[in-house]
Structure formats: C-alpha cells, structure tokens
Protein chains: 2
Amino acid sequence: MLREIHEQPAALDRTLRAEQRRMSRLGSRLRARSIPLIVLVARGTSDNAALFGRYLLEITTGIPVSLAAPSVHTLYRRRLALGGALVVGISQSGEGTDINAVLESSKRAGATTLALTNNGRSRMAQIADETFVSRAGRERSVAATKTYTCQLMLLYMLAEALGGGDFDPLRRIPDYAAAALDLEPRIAGVVERYRFMERCVVVGRALNYASASELAIKLMETSYVLAERFSSADFLHGPVALVERHFPVFLFAPPGKVFRDLRALAARLRRLQADSLVFSSERSILELATCPIELPRRVPDLYSPIPYIIPGQIFAARLARSKGFSPDRPRGLSKLTRTL
Amino acid sequence: MLREIHEQPAALDRTLRAEQRRMSRLGSRLRARSIPLIVLVARGTSDNAALFGRYLLEITTGIPVSLAAPSVHTLYRRRLALGGALVVGISQSGEGTDINAVLESSKRAGATTLALTNNGRSRMAQIADETFVSRAGRERSVAATKTYTCQLMLLYMLAEALGGGDFDPLRRIPDYAAAALDLEPRIAGVVERYRFMERCVVVGRALNYASASELAIKLMETSYVLAERFSSADFLHGPVALVERHFPVFLFAPPGKVFRDLRALAARLRRLQADSLVFSSERSILELATCPIELPRRVPDLYSPIPYIIPGQIFAARLARSKGFSPDRPRGLSKLTRTL
C-alpha cells in the first residue's frame with residue numbers, strides 16, 4: 001500500500017497524458033448538445049471519487065449531478081427517464097456487477113454512457129459508449145490508493161472537457177501530489193499516539209467531503225477503526241453532540257471557500273477539548289489543532305483533494321502497521337466485491 | 001422524546017388528511033408537463049427523509065432524483081441549470097439558512113419549488129412556490145421523531161401525486177405505526193445489554209438505508225454512541241472488515257426486494273460472531289440475530305420505513321436514559337442549527 005501511494009505522481013501524470021486528446025474530443029461532441037443531467041455510478045472507494053465528482057462537476061459546469069442508487073435499477077428494476085443524460089460509471093476493476101447493470105439500463109433509457117476504469121478490457125469498458133482508462137498500473141493492495149487519485153484525475157479532465165477548458169491547470173497536480181508525499185516522516189512521527197484509537201470522526205466539506213469519506217473507509221478497512229465521515233455542516237446538525245474531551249476528529253481544511261467553516265469547527269473542537277488532527281497549509285487553523293499536519297504547498301481549493309488525501313492514505317497505512325495489521329490484505333475482504 | 005414518538009400515528013393521520021386535496025391538485029398540474037429531474041434539499045434528520053425520498057421517488061415515478069449539495073449554491077455560488085426541475089426543500093423549522101438559499105437560487109434558475117415543513121409561516125414557506133405542512137404539532141425534543149415520519153408521509157403523498165395514484169394505500173400507515181409502538185416493552189427489555197456500547201454500525205438498504213441513517217443520527221445525538229450508517233452493499237465494499245467478535249451491528253430487514261441481501265449479511269455476521277440486532281417481521285432472518293426484534297405486522301417493503309424506524313426511535317430514547325442522559329436535550333445542540 002505504501003509503495004503504491006508513492007507511485008501516484010507518476011500515475012497521475014501518465015493518466016493525464018494518455019487520455020487528454022480523446023477526452024478533449026469527447027468534450028467537443030458533448031458541448032454541441034446540452035446535457036440536462038450527469039449521473040455518477042460507483043461503489044466503495046470509487047464512490048468516494050464519485051462524491052468528489054458530484055461537487056466538481058456541478059461547480060465547474062453548472063449541470064446538475066446525481067449519485068446513482070444502484071438498487072433502484074438492479075433490485076427494483078426501475079428504468080429511469082435518463083434520455084439525454086450523461087451516465088458515468090467509475091470502477092477500478094470495471095467488473096462491478098451492479099455498476100455495470102446501471103450502465104446497461106441507462107443506455108437502454110437513452111443516456112450516453114462513459115466508463116472510467118483502470119481496466120480497459122473490463123466488462124464495463126465493453127458496455128460504455130466511451131471508456132477512459134486510468135494509468136495506475138496494477139494495484140495489488142486491497143486498499144485502493146493510486147486508482148482512487150487517478151479516478152479523480154479523470155474526473156478533472158471530464159470537467160475541463162465539458163467546460164471547454166484546456167488541461168493546463170491539471171498539469172500541476174502530479175507536483176502537488178509529489179510534494180504531499182514529503183509528509184511521510186511527519187506522519188510516521190504522529191501515528192504512534194493513535195495506536196489505541198478505536199473510533200473517530202473525519203470531517204471535510206464540498207470537494208474534500210470526498211477526502212473525509214475516503215480517509216474514513218481507509219481507516220476502517222486497514223486499521224479497523226470505526227471512522228465516521230461528515231461534511232462539516234452535517235456534523236453540526238446533531239453528531240457534534242458526540243464530541244467529548246479527547247474525542248479524535250480529523251479535519252481536511254484547505255484554503256478557499258470552505259475554509260471559514262472548518263476554522264470555526266476547529267475552534268469549537270478546541271473549546272470542547274477534542275483531540276483534533278488537521279490537514280492544512282494554513283497557520284490560522286493549524287494553531288488550533290492538537291495535531292497539526294502542515295501541507296507543504298498552498299494548493300487552490302479546487303485542486304486540493306489529491307494532495308490532501310495523500311497524507312491521509314499514508315496515515316492509514318502506517319496506523320495499520322502500528323496496530324500490527326497488514327494494510328495490503330484486510331481481513332474478510334478481496335480486491336473485487338460483487339454486489340447487486 | 002418518548003411522548004412524541006407515541007404521538008406519531010395521530011400526527012401521520014392528520015398530515016395525510018390535511019394535505020391530500022392540495023397535493024392531488026399539485027400532482028395534476030405537474031403531470032401536465034414532464035419533469036426531467038427532482039432535487040431534494042435538506043440537512044440533519046430531514047436529510048434522512050430526503051434520502052428516503054430519493055429512493056421512493058425514483059422507484060415510483062422513474063424521474064431521476066438528486067440530493068442537493070448546498071455548498072455548491074451557498075459557498076461556490078454556482079447557479080445550476082435547473083430549468084423545469086422540481087426542487088423540494090425539507091425542513092422541520094423551515095428556517096435553515098442554507099436550505100432556503102438553495103430554494104431561492106433554484107427558483108431563479110427556473111425550477112418549481114416546494115417546501116415540506118412543520119411550520120407554514122416559516123421563511124421556507126414564503127420562498128417556495130407551494131408549501132405542504134406536516135401536522136406533527138410542536139416538537140419539543142431536540143431529537144426529531146414525529147416531524148421525521150410526517151416528512152416521510154408528505155413524500156409518500158408527493159410520490160402518489162406525481163404518479164397519478166390515489167392516497168388509499170397511505171391510509172394504512174398510521175396503523176402500521178401504531179402496531180410498531182407495541183414493541184416498546186420488548187425494546188425496554190433489551191436496551192440494558194447495550195448500556196456500555198460506544199460504537200456500532202447500522203445497516204439498511206434502499207428505502208431503509210434512510211432508516212439506518214436516521215437510527216445512527218439518533219444514537220449519536222441522544223446516546224453519544226458513534227454509530228455509522230451503511231447500505232448493505234456499501235458495507236460489503238470495505239467496512240465489513242471492521243466486524244470482529246461481539247461487534248454490534250443493527251439491521252433493518254423488512255420483507256421485499258432487499259431482503260435476500262440483508263439475510264445474506266445477517267448470516268455472514270453470525271459466522272463472524274458479531275452481535276446483531278435485527279428489526280424484521282421475518283423468522284428466517286430473526287433466527288440469525290443475536291437480538292431479534294420482531295415487527296408485529298408484515299408490512300409491504302414500500303411502506304416499511306415508518307413502522308421500522310419507530311422501534312429504532314424507542315431504542316435510542318431508552319438507551320439515552322439507560323446511559324443517564326436526557327434524550328430531549330443533547331449536549332451542545334439546539335433545535336435549530338444554522339449552517340451555510
């Protein structure tokens with residue numbers, strides 16, 4: 001898992017180079033007609049990429065986005081009125097039975113379907129009208145890392161393509177990712193104090209709500225910590241009541257539109273004497289944290305989810321080792337889970 | 001909280017009677033034009049009602065549904081292409097600043113807006129094109145119960161109205177709710193064994209994924225148990241790794257389309273020696289549970305979320321008391337939370 005985490009800058013760069021021309025052509029075709037709705041379909045870690053895409057695509061294109069509920073298609077066998085919609089399946093393996101069933105039923109309903117996958121020969125690639133392949137290389141760890149960030153890269157490319165922009169701003173993302181990897185010694189130094197943590201809360205907002213959800217799933221599957229993910233707004237509507245002295249809360253707080261809310265939450269957590277670990281480049285929130293993790297680069301809000309999840313991935317992998325588990329082979333899991 | 005839980009059959013009946021005529025007229029008007037998209041906007045407990053509505057409306061009407069991300073509107077100030085869409089705000093108080101901002105921005109974008117609220121004189125009622133008022137009466141407990149199930153009732157009515165059905169099947173829901181209240185002694189009997197529970201997982205699928213999410217939020221805000229909600233499919237994609245001997249898992253398992261999946265999960269939990277509490281009317285899953293809670297009536301899948309959440313509400317209220325907390329006044333919360 002740690003080795004694959006370190007492969008990310010190269011994998012992101014390869015993915016951008018390999019698919020930018022075709023993505024750009026797809027954008028021209030899709031912009032020629034007006035798309036009323038984008039539907040994203042995924043499970044597990046890929047569903048966290050979809051959650052990111054949900055915010056990214058609405059913010060950058062103004063097209064409404066829905067995260068598909070596979071059971072509506074697979075168990076209730078309801079065909080939705082998706083004529084004209086763009087339906088995007090996201091799957092590392094491309095073999096998720098339920099995801100593929102949603103793509104098939106959407107296609108029959110008149111939607112244009114895309115596959116974002118790490119396997120260009122998968123069943124998903126056969127079903128979709130167009131397939132874009134992440135260049136993560138084979139992922140051996142059950143806990144997905146490089147395929148997740150490469151899915152984010154493909155979604156950035158799709159957003160640029162739909163908006164008619166060029167891909168120039170995306171070229172800096174591999175560098176942001178490389179800089180974030182430099183946090184490894186710092187994280188190795190703090191992990192020991194979480195050795196006996198059994199439960200925690202992970203908070204982010206908007207684009208980084210996906211990072212919160214992804215760190216939570218990594219902590220659950222590699223370190224068996226019950227980690228609950230919240231957007232900072234939802235957290236204040238009830239679950240904040242949980243927080244007592246020393247309760248561990250992890251926060252993703254890049255500068256930008258959501259920063260003020262997260263800083264206010266960090267201040268409230270400090271008053272509650274919670275144990276907060278904060279990922280940020282900003283002094284004004286780091287100084288409120290019990291455990292500040294200072295990001296080495298000040299990255300624009302929109303491009304923060306990749307460099308911000310990387311220290312989270314390192315944290316999960318190192319915590320698993322500290323607790324005596326193998327992050328590569330979680331108990332009771334296999335690389336491909338089939339659900340309907 | 002317990003008193004308000006018991007007021008639900010009457011409140012549901014009042015809500016149905018009071019709003020059915022206007023809802024039916026709205027249905028005729030909306031069916032005259034084709035609605036491409038329904039967007040649901042809510043926070044906290046109302047967001048769990050929205051999650052229920054997301055499944056219900058897609059299953060019954062075939063119109064795609066999106067759960068709004070308020071920050072896209074409030075922080076990123078992006079106007080979405082929502083012309084022709086039906087945007088439905090759900091809020092007990094009708095005073096949620098962010099929810100109201102989303103309704104306003106959707107209205108400017110050309111959407112038809114509805115308010116589902118317990119306060120017909122709220123700001124939300126002033127903004128929306130049409131308002132439907134739940135007849136829950138004033139809710140004094142900070143932990144919402146009767147306003148939640150009345151929101152579900154309004155969503156059932158909206159689904160029937162959009163589908164051109166009558167409201168007859170809904171008339172039985174207050175009886176289902178009354179029968180579920182008979183579970184109180186059984187639940188009072190089992191709560192003690194959860195006295196020291198600090199974390200758990202709550203699982204449901206499709207319509208009852210909302211019940212899982214709602215029980216989880218009730219456990220967090222009244223009993224300070226870290227309760228993580230999952231759909232059974234998502235749970236198998238990673239988080240199931242958490243489950244070790246005696247790990248507490250709560251399952252909502254009504255008969256119907258999702259039953260087979262939940263029964264398979266219950267069998268797996270038994271092999272893992274987890275501590276499972278199962279809400280169901282079905283012997284074949286109750287016999288797999290560590291702690292079976294047998295629903296007195298066999299309720300159709302579609303109408304199960306109200307009678308199934310009621311024993312969950314009772315459980316949360318009784319557990320709070322057993323732990324020595326007041327379920328009516330959780331620490332650090334007030335009835336109205338304002339977020340942007």
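This is a predicted model: local features need pLDDT of at least 70, side-chain atom pairs count only at pLDDT 80 or more; totals for chains, interfaces and linings use all residues.

Reader: How many residue pairs are in polar contact between domain 1 of chain A and domain 2 of chain A?

Author: Residues are numbered from 1 along each chain as its sequence is written, and chains are lettered from A and ligands numbered from 1 in the order in which they are written. Chain A is divided into domain 1 (2-174) and domain 2 (182-321), with bounds that come from an automatic or database domain assignment. A polar contact is a pair of N or O atoms within 3.5 Å, where within protein one must be able to donate a hydrogen and the other to accept it, and residues adjacent in sequence count only if both atoms are side-chain atoms; between these domains, with both residues at pLDDT 80 or more, the number of such residue pairs is 8.

Reader: Which helix gives the most to the side of domain 1 of chain A that touches domain 2 of chain A?

Author: Helices (H or I, at least four residues) and strands (E, at least two) are DSSP runs, numbered from the N terminus. At least two residues of this side come from each of α1 (2-6), α2 (8-31), α3 (44-61) and α7 (146-163) of chain A. With 8 residues, the helix that gives the most is α3(A).

Reader: What area do domain 1 of chain A and domain 2 of chain A bury between them?

Author: If contact means heavy atoms within 4.5 Å, then 25 residues of domain 1 of chain A are in contact with 24 residues of domain 2 of chain A. Buried area is the accessible area (1.4 Å probe) that two parts lose on being put together, summed over both. Carbon and sulfur atoms carry 70% of the area here, and the total is about 2100 Å².

Reader: How many salt bridges are there between chain B and chain A?

Author: The two chains are in contact through 69 residues of chain B and 69 residues of chain A, and the area buried between them is about 5700 Å². A salt bridge is a side-chain nitrogen of Lys or Arg within 4 Å of a carboxyl oxygen of Asp or Glu. A:Arg229 and B:Glu228 form one, with their closest N and O atoms 2.6 Å apart, and the count between chain B and chain A is 4.

Reader: Is A:Arg78 buried, exposed or partly exposed, and why?

Author: A:Arg78 lies in the loop between α4 (70-74) and β3 (86-91) of chain A, and among the residues that A:Arg78 touches are B:Glu58 and B:Thr60. Buried means under 20% relative accessible area, exposed over 50%, and partly exposed in between (1.4 Å probe, protein chains only). Because its relative accessibility is 28%, A:Arg78 counts as partly exposed.

Reader: What is the N to O distance where the side chains of A:Glu58 and A:Arg54 meet in a salt bridge?

Author: Both residues lie in helix α3 of chain A, 4 residues apart, which is about one turn of the helix. A:Glu58 is buried, with a relative accessible area of 2%, and A:Arg54 is buried too, at 4%. Their salt bridge has an N to O distance of 2.9 Å.

Key: Side-chain values use heavy atoms; hydrogens and water are left out. Lists of a residue's contacts leave out its neighbours within four places in sequence.
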